[in-house]
Amino acid sequence: MKFLMLVVAGGAEPGEADQPGYTIEEWLDETERRGVRLEGDRLLGVGDATTVRESGRLVTDGPFADTKEWIAGYDVLDCADMDEAIEIASKHPVARVGAIEVRPFWSG
Amino acid sequence: MTGRDAVGEAFRAEWGRIVATLIRLTGDWDLAEECAQDAFAQALVRWPADGVPERPGAWLTTTARNRALDRMRRRAAEAARLRSIAPTVSEEAPAPAGWEEDPVPDDRLRLMFTCCHPALPMEARVALTLRTLAGLTTTEIARAFLVPEPAMAQRLVRAKRKIRNARIPYRVPPAHLLPERTSSVLGVLYLMFNEGYSASAGADLIRRSLCAEAIRLARVLVDLMPDEPEARGLLALMLLHDARRPARLDPGGDLVLLENQDRARWDHAEIEEGVRLVAASPGRGPYRIQAAIAACHDTAPTAADTDWPTIAALYGELARLVPSPVVELNRAVALSMAFGPAAGLAVVDELAAEPSLASYHLLPSVRGDLLFKLGRYAEARQEFERAAALTRNAREQGLLLARAAACVPSGRGA
């Protein structure tokens, strides 16, 4: 079952990053070893974001939502169930300083 | 016992077990509920006429299971017809694996864990638990939580959809997840209990029955997780609170403070059971400690006999385990009862800077009481007035203002 993992950065207080946990390399190693990550990437900053609405009639600069938190990257997971997806997401280093949103794919 | 009574009794005892088993077999929550309902409807017709079966639970499970099998076969046949694929699925197709086992394992634990999964919103966890495990109808749950029925129905539909779409697993979590998930289950049951406990005397009966449902489910949990001391702690805590319910409200429906309650009206059987459970739950966890505190209150013959030094020590333990300013405030009250108002005030003063308590009316209310007892009337008056301004409960506000007005050195009053 496929899940999209949205890596949400921002919103953290300084110092919160000091908790122990996986580095991104360790996370990538483990997800590869277990075969649960199909693809993923980091995105350029919100300064390079463009939002298109109403079939392109309304094009604005910036992300779709203007908040302190922004989508910094994504991963596509293939997991047995929600518990496995949560476990993988919780090990991602950004989970310690930001948030990870896990969403199941429409088509399963 | 009449056939009808027997069905009622079986409903309370067997509903959750049957639904849990059918969800495991069919993977379809709605189908499971419908077939369980059908089985009880059949029992209502058959038992009064044919007599109550020897093993009512087995009869109901088999009936519900056959009904589910029937409906799944029919569904498959219809699907096949729609696709015009011949031949249609045989009526005698063998049951899928797991359907014929006897005795049926108890699936209620996995149902509890799935209903209380942290990926579901809290209100949905409570509602789903009441629907699938306790067998309350959507109408009853809506009434119990003072929510319009369509909204509650929506909540249940959404939760079931998320379980299906996000593939929330139907199982008892593996060992490494168990502590966190267990605490979610316990939290849901405790919330359910507190909803019922906070209901006023005039409230809908179904609202008050939430306490009984929570206690019943906690008993099931204790049975199914005999090695989980916090489950026993929670059951004890609920029983020890529930025991005081008959004396908690005056005839006008207003709260009676613990110290003024008629202890003869407490439920002593519940107290005995709660105390026994506390004694039988070694080690310390938040529920066990709270249960031990409740046991101290419940076993004091009069309010003056309360063992405040022990209660203060227990709150200290609780604060170390789950640091919270509200726990600290309770500890301050216990300390003042055990060792005098000055001991309590020292702790309360430390809490004054706590931002999360800035609008919590009990903080100035407790501080005012301690200052009053110390004869610092002007300061006490200010605190009571501040507390009165912070509470939204008109009756409480009246009481606080009366206390503020009484803050006059004796002999100099009007």
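Predicted model: local features only at pLDDT ≥ 70, side-chain atom pairs only at ≥ 80, totals over all residues.

**Entry 1: chain B as a whole.** I then counted secondary structure and found 18 helices and zero strands in chain B. The C-alpha atoms of chain B fill a box of roughly 100 × 45 × 40 Å along the principal axes. I also checked burial: 37% of the 414 residues of chain B count as buried.

**Entry 2: the core.** Which residues have the most contacts inside the largest nonpolar core? I found L22(B), L189(B), A214(B) and A218(B), in a core of 114 residues. Helix 1 of chain B, residues 3–26, gives the largest share of this core, with nine residues.

**Entry 3: helices 8 and 9.** I went on to helix 8 (residues 178–197) and helix 9 (residues 205–224) of chain B, whose axes come within 6 Å and cross at roughly 155°. Angles over 145 degrees count as roughly antiparallel, so helix 8 of chain B is roughly antiparallel to helix 9 of chain B. Their crossing is left-handed. My friend L189(B) turned up again here, on the helix 8 side of the contact, while A214(B), L217(B) and A218(B) are among the residues on the helix 9 side. By class, this contact has 11 nonpolar, two polar and four charged residues.

**Entry 4: helices 2 and 3.** How far apart are the axes of helix 2 (residues 29–50) and helix 3 (residues 56–82) of chain B? They are 8 Å apart, and the helices pack at an angle of about 125°. That angle makes helix 2 of chain B oblique to helix 3 of chain B. This crossing is right-handed. Among the residues that meet are L31(B), A39(B) and F40(B) from helix 2 and L60(B), A64(B) and R67(B) from helix 3. I sorted the contact into nine nonpolar, two polar and three charged residues.

**Entry 5: between the chains.** Last, I looked at where chain A meets chain B: the contact takes five residues from chain A and eight residues from chain B. The chain A side has three nonpolar, no polar and two charged residues.

Definitions and conventions. Residues numbered from 1 in each chain as written. Chains lettered and ligands numbered in written order. Core = buried A, V, L, I, M, F, W, Y, C linked by C-beta atoms within 7 Å. Buried ≥ 20, exposed ≤ 12 C-beta atoms within 10 Å, placed from the backbone. Helix = DSSP H or I, 4+ residues; strand = E, 2+ residues; numbered from the N terminus. Axes fitted to C-alpha atoms, helices over the stretch in contact; angles between N-to-C directions. Parallel < 35°, antiparallel > 145°, perpendicular 65-115°, else oblique. Left-handed = near helix turned anticlockwise from the far one by under 90°. Contact = placed C-beta atoms within 7 Å. Nonpolar A, V, L, I, M, F, W, Y, C, P; charged D, E, K, R; others polar.
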